[in-house]
Amino acid sequence: SKPPHYSTCLTTPLLSPSNLTCPLESDGTFWYPTPWCPIPSDGYESGPPDCIFTTPHIRNQGLSIITFPPLAASLISPALDDSLVPPSFRRYNSSEKWTIAPLPSRGLGLVATGSFKQHETIMVGFPVLIVRLDFINGDRYSAKNKRKMLDVAVGNLPEQTRRQVEGLARSNLGNKKDWIVDVLRTNGFGIEVAGEAHLALFLEGSRVNHNCRPNAFWRWVPSKMAMEVVALRGIGRGEEVAHSYAPLGYTHEQRKAVLQPWGFQCQCTLCSAPASKRKVADSRRDRILEIYQTLSKAADLESVERVDQLVREALLLIEKEELQPQLVEYYAHFARAYIETNELKKAREYIQRSDEMWLLYGGEEHENIEEMLELWKLLEEAEMDKEDD
Ligand SMILES: C[S@@+](CC[C@H](N)C(=O)[O-])C[C@H]1O[C@@H](n2cnc3c(N)ncnc32)[C@H](O)[C@@H]1O
């Protein structure tokens, strides 16, 4: 049977219908070739189909997306408007301060050919392939159909881009047919499109290797569909630029488990340290988490002095373990504990710090805006209550 044309504006819980105009913008001429929407195995029972959308010239490299039609429609403007990419973003793309080079036992990687100051943007990348995570993980399409759709998505890209995507494939892969799923899993970055999880593939950004004590982090700029790699600390010429694939703060065993899908043995300074040193690092990391949990239990917060003590201990351990990016969450958490114990001046100070860090690590459009707003509201209510007393 013929799939219903998606211009019927199939409703999806992901975007409220008020955000949609009918017919969907994705029905127009923006995409080339015409989007292809194979029928999911469950028909359209559990939602719209995943379709392949390609815009072959965007950002000088093209982009293919496999997702729900309303989500693709939501990207056309302004996120995928080439004329709205700020000049600074274009400049980083041809930066002379980095190169992609072969590195011992970890394939290619990003290497600084100039120096970077702390928090300086190193690279800006635009995705060439975006795939809805549940399309890959779910079973609405058979493995064969998924492969076919992914092949079409890559095949629609301009030849040079396609070759570069193919160049990301691992040569030692067991089942060669699964190369693109493997590339997405090992080189893809998790991003959100209208609140739905997707994997995004970048040509150069996907070459950044892992380090448990990273010198860089990346942030996603949804309104420009761009990924920025940013220096966590000063980086010298010749240094490899690496970020952590594992959440910071994990212990050795936890890191091993999350890094397993990438199929490499982590040799970073932390993982290859002698067992005794690793044990010290692990116990500090466990303790940081324990403090976090204690601060979450209002009943355990006997006094402001107790909160002060726990905050001081956590800050010291975070510094020792070089986990500063984690402060973005810890500051907000400290603030909650101070609100709980009615120490509102300190609460305000930590909310402010958390806000500043979110801006740095998540960018202006960071995903936690709502939670931070709620925290500010909570503080203001507590301040009003205190005034009334
Ligand atoms: C996102 S890619 C990074 C680019 C990759 N080196 C390449 O040549 O395409 C991830 C893969 O790089 C390798 N890799 C990344 N970090 C590594 C590390 N610290 N040690 C060893 N291999 C690493 C692993 O093979 C991993 O699956």
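Helix H10 (residues 327-340) packs against helix H12 (residues 369-388) at an angle of about 20°, and their axes sit 11 Å apart. This is a predicted model, where local features need pLDDT of at least 70 and side-chain atom pairs count only at pLDDT 80 or more, while totals for chains, interfaces and linings use all residues. Residues are numbered from 1 along each chain as its sequence is written.

A few conventions before the details:

- Helices (H or I, at least four residues) and strands (E, at least two) are DSSP runs, numbered from the N terminus.
- Axes are lines fitted to C-alpha atoms, for helices over the stretch in contact, and angles run from 0 to 180 degrees between N-to-C directions.

**H10 against H12**

- H10 and H12 are therefore roughly parallel to each other (angles under 35 degrees count as roughly parallel, over 145 as roughly antiparallel, 65 to 115 as roughly perpendicular and the rest as oblique).
- On the H10 side, Ala 332, Ala 335 and Ile 339 meet Leu 375, Leu 378, Leu 379 and Ala 382 of H12 (contact: C-beta atoms, placed from the backbone, within 7 Å).
- The residues of this H10 with H12 contact split into seven nonpolar, no polar and no charged (Ala, Val, Leu, Ile, Met, Phe, Trp, Tyr, Cys and Pro count as nonpolar, Asp, Glu, Lys and Arg as charged, and the others, Gly among them, as polar).

**H11 against H12**

- Helix H11 (residues 344-362) packs on H12 at about 165°, again with an axis distance of 11 Å.
- That makes H11 roughly antiparallel to H12.
- From H11, Leu 344, Ala 347, Arg 348, Ile 351, Ser 354, Asp 355 and Trp 358 meet Met 372, Leu 375, Trp 376, Leu 379, Ala 382, Glu 383 and Lys 386 in H12.
- Sorted by class, the H11 with H12 contact has nine nonpolar residues, one polar and four charged.

**H9 against H10**

- Helix H9 (residues 304-320) and H10 cross at roughly 175°, their axes coming within 11 Å.
- That makes H9 roughly antiparallel to H10.
- Val 307, Val 311, Ala 314 and Ile 318 of H9 make the contact with Leu 327, Tyr 330, Phe 334, Ala 337 and Tyr 338 of H10.
- There are nine nonpolar residues in the H9 with H10 contact, no polar and no charged.

**Around the ligand**

- Of the 19 residues around the ligand, the nearest are Arg 106, Gly 107, Leu 108, Asn 209 and Phe 264 (near: C-beta atom, placed from the backbone, within 6 Å).
- Strand S4 (108-112), helix H6 (179-187) and strand S9 (209-210) each give at least two residues to that shell.
- The shell around the ligand counts six nonpolar, 11 polar and two charged residues.

- Most residues other than glycine have a negative phi, and most peptide bonds are trans.
- The Tyr 32 to Pro 33 peptide bond is cis, with omega near 0°, and Pro 33 lies in the segment before strand S1 (51-55).
- Ser 77 and Pro 78 are also joined by a cis peptide bond, with omega about 5°; Pro 78 lies in the loop between helix H1 (69-76) and H2.
- Ala 194 has a positive phi, near 45°, and lies in the loop between strand S7 (189-193) and strand S8 (196-202).

**Confidence**

- The protein chain averages a pLDDT of 88, and 91% of the residues score at least 70 (pLDDT is the predictor's confidence in each residue, from 0 to 100).
- Residues 1-23 have a pLDDT below 50, and beyond near neighbours in sequence this stretch has 36 contacts in the model.
- Where pLDDT is low, the predicted coordinates should not be read in detail.
- For the complex, the predictor gives an ipTM of 0.99 and a pTM of 0.87.

Definitions and conventions
Two residues are in contact if their C-beta atoms, placed from the backbone, lie within 7 Å.
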